[in-house]
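Dear colleague,

I am handing over the structure below, followed by notes on what was found in it. Please read the notes with the model open beside you.

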Amino acid sequence: MCGIVGYVGAGEAVPLLLNGLGRLEYRGYDSAGLAVHSGSGLDLRKCAGRVEDLAQRLVANPVAGKAGIAHTRWATHGAPTRANAHPLTDCRGEVALVHNGVIENCDALRTKLSKLGHRFTSETDSEVVAHLIEEAFEGNLERAVAAALTRVEGTLGLAAMSVHDPARIVVARRGAPLLLGIGENEEATWVASDVAAVLEHTRNIVYLEDDEVAILTPSGHETINLGRDRGRVGWEPVPKEVSRIDWDLAKIEKAGYPHFMLREIHEQPHTVRDAMRGRLLAEEGTARLGGLDELRPDIDRAERIVLTGCGTSWHAALVGEYILEALARLPVEVEYASEFRYRDPIIAPGTLVGGISQSGETADTLAAVREAARLGAPTFGIVNVVGSTIARETRAGIYTHAGPEIGVASTKAFVAQVASLALLGLMIARRRGLGREEGRSFVRALDGLPALIGEVLATEDHIRRVAEEFADASNFLYLGRGPNFPIALEGALKLKEISYIHAEGYPAAEMKHGPIALIDENMPVVFMAPRGAVYSKVLLNIEEVKARGGRVIVLVTGRETDLGRKVDHVIPVPATLPLLQPIVNVVPLQLLAYHIAVLRGCDVDRPRNLAKTVTVE
Ligand code: G6P
């Protein structure tokens, strides 16, 4: 959601903070701000708009200091204005605070604090925390932060500074991601909501857990566990393990592409290869997934799997449902995480619950896997970000190894999720009686996917020309059947996310139960029509659309001369096994959405109103 970065060290804080904010901007980008301690006081600069706007403001009106905190915001409470931008302060301007998450009892706290004479200058929920710190402050910032935490309900990752302490940042985590960066060969300590903000300076990372407070100084950090009893302030120093991050900076740069999203689309042959690396056992015709070893007995006994996630990850789960059921003959249900967590789900013995998440931090998905664990289900994660909360809290898991995904609209993370689900399906299927030969041919097909994705990418010019014809459309329909139905949903989601064109995905045969009423010459319809069991049925649906004047774009496998005469555009894709075809078919839809969005002048990597990682409900 929002991005936090803080620095205390020997260097000048402002350029470091601005650089870190730039790396975090994909997390939220409607306003930005920072506070630095100049040695004699706290200086704040903030504005509505992007990090570039903040940087310009700092050129005109500079500040200097060796400790500071900074924030890029995705508005929840209060419009994206300068007043609502973080850092927020207490009444006296003695505490500056940046916060990520939602304070659920902020209205009640605001009323109480107002009665005590506190004056609020923003509409944010976060500001109450600054005033709570002010209330509790008796000369020691960390104690005041801890006391404030006992009064707030909700989620938070926060960083605070006090005017009384020029070289100290206090940070706390409850439910929203927060990590520390430990300076390598220099006196410097960092805090960030995302490793991308600090990677340029250090790869030594300490992940904070819920209810931990850390005190950062140039020479290091001390971490305190406040205990689970939120009514009282516990105070127990905890030793923290330092993890070494193996991403490098090149992975979070555009590498010559105009947008991160395009770079990430083009990376997908490697992404799929990386998701499978070391996991395919060609001879035995199966997959090895070491991260699931601990759940092996539960997997063998499983009678049902529930897959849960949000957004694109939910679409990956839907593809997973087709793959797992067809291959392993194991019943799978897919649930929106936001629904699962509140609907008193039935978790009978023999049910496994898998949370799928690129970031590993999505609030609803995290809550869903926690709820599943509370109900006694063995849980696993299919997660991209190593060390993220879902990865740590589930009992076992599969890392998708897609590397950092910066474009807000998910692309490579999706294909890595589906590839991981295919590995999972294969592994379970082979343990449940799928023959070795069938397993081997599935392995061969998986192994061939990177080359097939490469073939699709080579047709980008053709897809761009199709995009040119439809860039002015107001609506789009995407239709597919079987495992390509979720791809219709995903294609529609990509288009609406980045081009703001209204788009819907449907199972192709459902078209006649409603969407057909929308079809006229202004309604482009994208069909997925790979050769296979339902090919002739999809052709019938295409005829139905053409008969009503709709404009048709069809994804086909192989050469389709006949179809080419009937429809407006054909996008050929190479064929693979039907269960793996979604991994190939999603790629042209990503490119179509990308080029339409670019032609419409949209900010592809930072689409309006969206955030990369949604850490609020
Ligand atoms: C946000 C992002 C989507 C993503 C979804 C789930 O809405 O904009 O791209 O699919 O969250 O995120 P996750 O990190 O859990 O996969």
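Asparagine 484 sits in the loop between β23 (475–480) and α16 (485–499), where helices (H or I, at least four residues) and strands (E, at least two) are DSSP runs, numbered from the N terminus. This is a predicted model, in which local features need pLDDT of at least 70 and side-chain atom pairs count only at pLDDT 80 or more, while totals for chains, interfaces and linings use all residues. Residues are numbered from 1 along each chain as its sequence is written, and side-chain values use heavy atoms, with hydrogens and water left out.

Asparagine 484 has a relative accessible area of 4% and is therefore buried (buried means under 20% relative accessible area, exposed over 50%, partly exposed in between, with a 1.4 Å probe and protein chains only). Its side chain makes a polar contact of 3.0 Å with the side chain of asparagine 585; a polar contact is a pair of N or O atoms within 3.5 Å, and within protein one must be able to donate a hydrogen and the other to accept it, residues adjacent in sequence counting only if both atoms are side-chain atoms. Leaving aside residues up to four places away in sequence, asparagine 484 touches Met528, Pro530, Gln581, Pro582 and Asn585, contact meaning heavy atoms within 4.5 Å.

Turning to the ligand, 13 residues surround it, the closest being Ser313, Ser357, Gln358, Ser359 and Thr362 (a residue is near a molecule if one of its heavy atoms lies within 4 Å of it). Helix α9 (residues 311–328) gives the most to this shell, with three residues. A polar side-chain atom of threonine 362 lies 2.4 Å from an oxygen atom of the ligand, and a polar backbone atom of alanine 611 is 2.9 Å from a ligand oxygen atom. Taken alone, the ligand exposes 380 Å², of which the protein buries 90%; these areas come from the Shrake-Rupley method with a 1.4 Å probe, and for residues only the protein chains shown count as cover.

There are also four aromatic pairs in the structure: rings of Phe, Tyr and Trp (its six-membered ring) pair if their centres lie within 6.5 Å, and planes under 30 degrees apart count as stacked, over 60 as edge-to-face and the rest as tilted. One of them joins tyrosine 7 and tryptophan 190 in a tilted arrangement, 4.8 Å centre to centre with 55° between the planes. This pair links distant parts of the chain, tyrosine 7 being in strand β1 (residues 3–9) and tryptophan 190 in strand β10 (residues 188–192), 183 residues apart. Both tyrosine 7 and tryptophan 190 are buried.

With best wishes
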